[in-house]
Structures are given as C-alpha cells and as structure tokens.
Amino acid sequence: MGWKAIHRWLGLTAGTLALVLGLSGALLAFDPVQQSWQAPAAPGDLSVATLVERVARTVPGAEEIRHLPSGAIVVFGFVGDQAQAHYVDAADGKVLGAWEPSALPRWVKNLHRSLLLGDAGRWGAAGIALAMALICVSALVLLLRRMGGWRRLAARVRGSLAQRIHVVAGRVVLAVLCLTSLTALTMSASTLGLVALDPGTEPDVISVTTGQTALQALPGAQLPMLQSLAVRDLRKLNFPDAADPQDTWTVATRQGEGWIDRYSGQTLAWQDLTLAQRLYDWALVLHTGEGAWPWAVVLAFVGASVLLFWWSGVAMWWQARRQAPHITGNSPLAHADVLIFVASEGGSTWGFAQALQDALAQGGHRVHTSALEHFQTTPATRQVFVLAATYGEGQAPAHASDALQHIAKLTASPVPVTVLGFGDRQYPAFCAFAEALETTLRAQGWPALLPLECIHQQSGQQFARWGDALARALGEPLVLDYVPRVPPTTALTLVARQNYREHSDEPTAILRFAWPAQGGGALRGHGLAHFAAGDLVGIVAPGSAVPRFYSLASGWKDGFLEICVRLLPGGLCSTHLLGLQRGGSIAAFIRPNPGFALPRTRRPVLLIGAGTGVAPLAGFIRRNDRHTPMHLYFGGRDPAQDFYFGTEIGQWLGEGRLASVQTVFSRIPEGGGYVQDALRRDAERLRALLAQGALVRVCGSRAMAKGVAEALDAILAPLKLSVAQLKAKERYAEDVF
Ligand SMILES: Cc1cc2nc3c(=O)[nH]c(=O)nc-3n(C[C@H](O)[C@H](O)[C@H](O)COP(=O)(O)O)c2cc1C
C-alpha cells in the first residue's frame, strides 16, 4: 500500500473522527486564553514563604495553594464545611474572586479525551491520535512529491480549488498538527496506564513531636525550604491537616515533590520528577497551550483547520473517484495481445486508455489495461502502449513513482512499446515523465511502433490525430473516440455580440452572455463556479457530447461571461456559437486555468496576443482597477477587420488600465508584420521591463507562441535569462490553441 492510499483511507475514516477532536480541541484552546485574563500572574521571584504568610492572613481556612500555568494563584480551603476556591492577588494576599476551572462545559473536554465513551473512548481517542500522526507523515511525503522536493515547497500550488486549499493549508499547519498528534499520544500513554508518571511510592514520613508534647508548629513563612523557593517554580503547596499532629507540608515544584516537618521545618523527603513526568509536562503545554496563551491561539486555529482538511480531502477524493480507473471490457493479462499501461494522478488519462482499449477491441484485439507499475509483457503480447501523465516538477504520478526504475531493470523483448504523454505546456517540464519513459525504453532496446507524442491539456483532437497515425502504423482501421466526462452545465443567454470579418470565410464575434436570473448561489450549484479572465469555459453544442473550450475575456466580477469565437470550418461548436442570436442560449461550465491566471501584482505585466488570443488579455486589462502597468502587444491581419476589442482597448488606455499598446497587422502594407517582429523592434524596452521582474502572458496559436518565445529568448539572453527560466519561476505562461 502506498503513501497515497494510507493518507486517503486514514483521512476518510479516522479523519472524520479527528474532525470531532480538532473542533473540540479548538474550543478547549479558549481555556488558557480565558484564564490568562481572569487573574494577574504572580511575580515569579516572590518567595513561597511570603506568599504563604499573605494567604494565611487573608484566607483563614486555607489548605492548598496552587500556582496555575497561567501564573495566577488559587487558594483552596474550607469555610465551615464549605469547600471554596479563590483567586488571590500574590502582591497582598487579597481575595480576587471565585475560581472557575473552565468556562466550557465539562462534556467538551470529555468529548475531546474520550468521545464521551469512558475508558473505551480513551483508547479510541489514542487510536485517532495515532492515525493522525500517520496522516501527517504521509502528508509530508505526498506534499514533497507533489511540489517536487524541499526546494520547491513554497512554490505556487496548482490544481482544483480543493487541491489548492488542501495543499496550502497543509504547508502552513502540518508541522503543528504532527506535534499535536505526537503530544496526544504521549499523554494517552500515561492516561491509559501504559507509562507510569510518578515513582509509584510515596515516602513514609511524619512530622515528629519527639517527646516535647506542646511543641509549637512553625508557620509556613518560617520554613527554610519555602523561603528559598520562588513562586515561579511552585506548582502546589498543601498545608498540614490541623486535626492530624503528624501530618506534613507537601510541596510540588517544577523539579519534584518535597515533604516538610511541621515542627522542625526540616525537609523530610524529596522526590525528583521522573523522566516520564517531565515529558508529560512538556506534552501538556504543547498540546493544550496551558500557561502559553499565544500558543493556545495557534492551537485553536490548527484544531479548526482539521475541518478545512477534511472538507477539501473529501472533495479531492470525490473528484478522483469520479474520474477513477473504470476500465470496462478488460481481457485477462495472459490472453491479451495488446497491453495498455497507465500513469495518472487526476484520473483523466484512464479515460483516454479506455477509448484506446475500446477502439482496439472493436478491431478484434484482446486488450488488457492496467496501471504502469504493473508493466510487463507475456508470450501473447504483440503491442504495448504506455499512457503517462506528468506531475510535480516533471515527475511521475504518485502510484507510478517507482515504475521507471522497475522498467529500467527489465530485459527488453521484441514487442514494440509506444509511449503517449499527457501534460500541459504551462509547466516547464512538459511531459517530462513520458519523455523519461521513452528514453529509458529505447535505451533498454524496446522497439516502438510510433515515436513519442505528447498531448497538451487533454486535447481530444490531438488524441484522435495520434489515433489516425496509429491506424496507419497498424494497417487497421481505428477510430479513437475520447469523450471527456462533462461536468454539469449551466444555460447562459446571449445578450450582446460584436461581429468581425462578417463577409470572410472565418467570421468572428465577441459574444457576451448573462446568466439566468436565479442568482449566483444557484448557479454555482449548476457547475458555473466563480471564474476569472483566463479561465476556460467549456461549451457543449447541441448534438455533441464533446465540449469545446474558450478562454474567458471576463471574470465573475464583471457580471457577464465573454468570449471571442472564430468560425472553424465544419466546427460544430463554433458554428453553433456564431449562429446564435440575442436571447439564444448555450450549455456551459467553467474549467479553471490557474497556471494562466494573473496574480495580484505591482510588477509590470507584458500581455502578448494574436487574433482571438487577445480575449483573456482583454479580460485582465478590464479588471486592472489598481492600474498595474500592463503593456499589450496585439497582432492581427487587418485593423479594419480583426482588431478585436479595439474600441475598448482605446478606452482602457485612457482610463489608465493599460499603460501602453503596440499593434501590428500582417496583411496590410506597413502593418509591422507579426507580433514577434514588434517584440524584436522593442527589444531594449522589453529587456528593461523584464529586468524589473515583469510577468508575461502569451495567448494565441501554437506557431505564434513559439515565435514569441524565440523572440523573447533572444531579448532575454543579455540578462542571462530565458523563457524556460521565467516559466520555472511562474512569470511566463501561455494559453495556446
Ligand atoms: C499539480 C500538477 C502538476 C503538473 N505538473 C505538470 C508538469 O510538470 N508537466 C506537464 O507536462 N504537465 C503537468 N501537469 C498537467 C497534467 O500532467 C495533465 O493535466 C494531465 O493530462 C493530467 O492527467 P491525469 O488526470 O490522468 O493525472 C500538472 C498538473 C497538476 C494538477
């Protein structure tokens, strides 16, 4: 069982109970805070003898003095047969008020310690603490794996909202949670009697009257031991029983426990604290924050954070479950002539494997699909396919973390092994794990049917093209029909459209949609989550099961959803969109694109877009209320036809949302060529902006993004920087289509 499985299953089971402990613990942490302001702390260097003298004057029936962890002094005693406990001011012995041990109902503490189930519950709580410790250790391993090592631990977290919350919160509180579960275990060990705290026997001592019958007992103020003991070290002092002439004074300090003769004032016995007791004392302070209220506040937050982990963890599990490997029609390994091995973290790669399996099975093959760590061949195997996603800093998905080493140890057979990578060009190490697999397999001598291909952002079109190449290589008809699972959609109504290039073969329009009147809450329930410019909207055309994605030119806060759509000849979705009239509606859902989103920044921002690629950049500028210096480079063909957002761009310049704009048009004389030509002409200025730490966002066709990266690499070279380095620092992101 891997770390991920341990983390997941303990989190879902013990984690649910840990939620109870976390929340009750967060409540209990208020006690030290409340106690710290209930009564003043006694001066630490005051001698205990003086304290006893003051108390004896003001509280006649005193039997016990306690120095609380908060520093306050509480005196216990009897008035008549009435037991009483009072806060006392150490400065003058004045009674300050009645002592309340806790402001919280007792059952909260019992819930926290024993789930209200008595002794069995104590074992249960200890079990949960143990599980929490394991959850913490596995969390650390997974965190390092996900982020790509210690050095990248502070890097930006990507993924769904639940993933980001889980990881970010984990980075902040994991250490304290680990400590809390370990201290809980330490304390449980003694509560459950597994470790004895005290030496076990009390010394058998009495105050001795040695013949002198009427010997006067000494007042506490005259006992040498109490004279040399500072209140700082005192825990508890018990007065001798007035009715028992042989009774002694008992004093508990931070170092140990002592018994004092009431007549001679001599120390009759002394026991040092045991190691177990000292450990327990430390664990108590660390676990409860007693006597250290700022720490108690930290503990309260960490206790409450369990709710956040639990909720985000369950959401992540649910997401993964929805995408879980669910291969239908799998043939047994030994009989299969085609084997498919999958490495996936989020689960989507399994969907591609299923499509490949279905297509091959339709062609009469017996196909066996399984996870990459099971990589092997059998005498029946004729073809092997490896479908592998990349995570972290170019690493394998967790379940396949040892697969590469495993494969490197195998002896190659003549069976071709073809690798298909899944990744995202936003990441500097695009499909690095698939590349590592390809390199290792070739080095081992495995042949390949097709060279390595890397699918960007789970593109169904790119996968289908790879399927065509595969069909040709196999000499068999093969149609790969990958249907992504579409999340629930929301109906959006077209409220405005701006048409461009109306009479060309590629008409284009900026479409603005409003959401139905029920309001935001209802919408979110229907899959239209909060979104920002640069996120993607998935649109499902009538009669199609496959969504098409468009970059958003607006954010949730703008109050509408805007996209820029160009007609793709024969494209079902773009035809549907461009045919829409005002009042018409579409079925849409949001797919976050966190790698491309623009963080709040004061640094300059360089926005480079061509054609409809200007859409998300326009969205960034529209929301630039803080007037971050944004510089736009826009490339089109002809200003009369395709200067999308042209009017708004002029307006944004005037409002200071945009600091500068450079436009080039490739199809008119003196138009300035392509956008990368404009960059080269502005090399000096751009270098200065990049040297100031500018962020870069590029959106447009793949060819355009490549041209831009080359131009910027040349511009960056004198700064000893490159686009790859900026990508690694998350300063440079592309949205390509
Ligand atoms: C946290 C995280 C890290 C990623 N790191 C990389 C990476 O370094 N290189 C890459 O090409 N893709 C990276 N990706 C993109 C995934 O590989 C891509 O979305 C893939 O299709 C996911 O497949 P899966 O759902 O089967 O795991 C990353 C995605 C996430 C969420």
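Helix 2 (residues 14-28) and helix 6 have axes that come within 9 Å and cross at roughly 110 degrees. Angles of 65 to 115 degrees count as roughly perpendicular, so helix 2 and helix 6 are roughly perpendicular to each other. The model is predicted.

**Helix 2 against helix 6**

- The crossing of helix 2 past helix 6 is left-handed.
- Helix 2 brings Ala14, Gly15, Leu17, Ala18 and Leu21 to the contact.
- Helix 6 answers with Ala125, Ile128, Ala131, Met132 and Ile135.
- By class, nine residues of this contact are nonpolar, one is polar and none is charged.

**Helix 1 against helix 6**

- Helix 1 spans residues 3-12 and helix 6 spans residues 118-147.
- Their axes come within 9 Å and cross at roughly 140 degrees.
- Roughly antiparallel would need an angle over 145 degrees, so helix 1 is oblique to helix 6.
- Helix 1 also passes helix 6 in a left-handed crossing.
- On the helix 1 side, the contact is made by Trp3, Lys4, Ile6, His7, Leu10 and Gly11.
- On the helix 6 side, Ala131, Leu134, Ile135, Ser138, Ala139, Val141 and Leu142 take part.
- The contact of helix 1 with helix 6 has nine nonpolar, three polar and one charged residues.

**Ligand shell**

- There are 24 residues around the ligand.
- Ser344, Gly346, Thr349, Ala389 and Gly423 come nearest to the ligand.
- Helix 11 (348-362) supplies at least two residues of the shell, and strand 12 (417-423) likewise supplies at least two.
- By class, the shell has nine nonpolar, 11 polar and four charged residues.

**Overall fold**

- The protein has 23 helices and 24 strands.
- It has 737 residues, of which 38% count as buried.
- Among contacts with a separation of 6 or more, 72% join residues 24 or more positions apart.

Methods
Residues numbered from 1 in each chain as written. Predicted model: local features only at pLDDT ≥ 70, side-chain atom pairs only at ≥ 80, totals over all residues. Helix = DSSP H or I, 4+ residues; strand = E, 2+ residues; numbered from the N terminus. Buried ≥ 20, exposed ≤ 12 C-beta atoms within 10 Å, placed from the backbone. Contact = placed C-beta atoms within 7 Å. Near = placed C-beta within 6 Å. Nonpolar A, V, L, I, M, F, W, Y, C, P; charged D, E, K, R; others polar. Axes fitted to C-alpha atoms, helices over the stretch in contact; angles between N-to-C directions. Parallel < 35°, antiparallel > 145°, perpendicular 65-115°, else oblique. Left-handed = near helix turned anticlockwise from the far one by under 90°.
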